[in-house]
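Please keep the sequence and the model at hand while reading.

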Amino acid sequence: MRAAVRARRTPLVGLLAATGLSLAGNAITAIVVPIYVLQSTGSVLATGAAGIAATAPMIIGGVFGGVLVDRLGFRRAALLADVASGVTVIAIPVLAAVIALPFWALLALVFVSGLLDTPGDTAKRSLVPDLVQLAGARLSRVTGAESAISRTATMVGASAAALTIAWLGPLNAMVLDAATFAASALLVLLFVPKGRSRDHAVSDVTSFWSELTDGIRFLTSTPAIRNVVLLVVVTNLIDAAGMTVIKPVYASAVSDDGTLFGLMVAIFAAGALTGAALYGWFGHRLPRRPTFVVCFLLAGAPPYLAMASGLAIPALLVVFALAGLAAGSINPLISTVMFELIPRTMRARVLGALTTGVSVGMPLGSFVGGVAIAQVGLIATCLIAASVYAFATLTPLLGRSWRTLDSPVRRPDRAVRS
């Protein structure tokens, strides 16, 4: 009996491990590429161009990649994305060692690698409900574990990148990056069963654009999904401003070398990891909409209020830790609802469109944050960010369209315990 249970759960464990490795690889890329460009060119503008080449494809890949994932099948798309990402990443140090890698070629490789990341992540996420059902597990616990793994992978990947760059240089760090994608592909190949990889008959008779439109239409016409996207667009815009402008400026003003910024991020991430683990443990027992509102409210506004009020650094870090603890429940709760609502036949394209939707405002957030600090100052910007965040996160308490969040409609192709 135990052997049978273990056999049913092995594919899910393998997928979660593969997800962690690929996300760690993405974190390594995010750290290594700008440092390599800055060291090799000495140009801040070139570094900014590389940043755009790395982030813009995520939006494109989210919209169009989801349809391709649905057409190819989740497992096959996950394999192809990992292999292709690994090849594009390893090509950078190889070509740099063999020839003088032109800057345009570097940008092209970074762009292609970023273009594949979102579809690959979408494919792995799309596999989760099927493997949860196979394992007989509780969906909310698995999404909590998935979120915890995601946050851990990001922290580990960033730390590994920093250490490898310091010891071996950025080019060798890219070799480690490529190895994570290779290991992820191997785990998917060995442990994730083929299953219903091409059960989407509609994709053989419907045009690409029709399938893309169907996914976007489903997203915009399903109240719970549409509302979550609109809310997260606003909060991600503020978070982008906070991460790229507000918090670094605050840390530089409070500490001589700005190291407080790294400590703030690390403390928040540790709290979020704990929160995700706790949600996976008993989150299914909590009422969804109140949990969503309370956690979002505590995760968003307090850090900005703490910075604006000039709290002592120990008290400030406590606020960041508690905010991270609250934030840990948000993503697994959203994932649980999404998996319950989205039909399997369009899962990848809806998840891809959702990823694009919630990311589209982030570049604007960085710009707005910089302009706001220049015009009204740091404290006023923090207060504005906290006020907008609080108002946005209270909107789920209003209107009937949010009620689906409490008890999502069960799709006929879903039979997973939530």
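How many helices and how many strands does the chain have?

## Overall make-up

In this predicted model, the chain has 16 helices and zero strands. Of its 418 residues, 50% count as buried. When contacts between residues at least 6 apart in sequence are considered, 87% of them join residues at least 24 apart.

## Packing of helix 3 with helix 6

Two packed helices are described by the angle between their axes together with the distance between those axes. For helix 3, which spans residues 74–98, and helix 6, which spans residues 170–191, the axes come within 8 Å and cross at roughly 160°. Because angles over 145 degrees count as roughly antiparallel, helix 3 is roughly antiparallel to helix 6, and the crossing in which helix 3 passes helix 6 is left-handed.

On the side of helix 3, the contact is made by R75, L79, D82, V83, S85, G86, V89, I90, I92, P93 and A96, which meet L171, M174, V175, D177, A178, F181, S184, A185, V188 and L189 of helix 6. The residues of this contact between helix 3 and helix 6 comprise 15 nonpolar, three polar and three charged.

## Cysteines and disulfides

A disulfide is a covalent bond that links the sulfur atoms of two cysteines. A search of the whole structure finds zero disulfides.

Are C295 and C382 buried or exposed? C295 is buried, its relative accessible area being 13%, and C382 likewise counts as buried, at 1% relative accessibility.

Note on methods
Residues are numbered from 1 along each chain as its sequence is written. This is a predicted model: local features need pLDDT of at least 70, side-chain atom pairs count only at pLDDT 80 or more; totals for chains, interfaces and linings use all residues. Side-chain values use heavy atoms; hydrogens and water are left out. Axes are lines fitted to C-alpha atoms, for helices over the stretch in contact, and angles run from 0 to 180 degrees between N-to-C directions. Helices (H or I, at least four residues) and strands (E, at least two) are DSSP runs, numbered from the N terminus. Angles under 35 degrees count as roughly parallel, over 145 as roughly antiparallel, 65 to 115 as roughly perpendicular and the rest as oblique. A crossing is left-handed if the near helix is turned anticlockwise from the far one by less than a right angle, and right-handed if clockwise. Contact means heavy atoms within 4.5 Å. Ala, Val, Leu, Ile, Met, Phe, Trp, Tyr, Cys and Pro count as nonpolar, Asp, Glu, Lys and Arg as charged, and the others, Gly among them, as polar. A disulfide is a pair of cysteine sulfur atoms within 2.5 Å. Buried means under 20% relative accessible area, exposed over 50%, partly exposed in between (1.4 Å probe, protein chains only).
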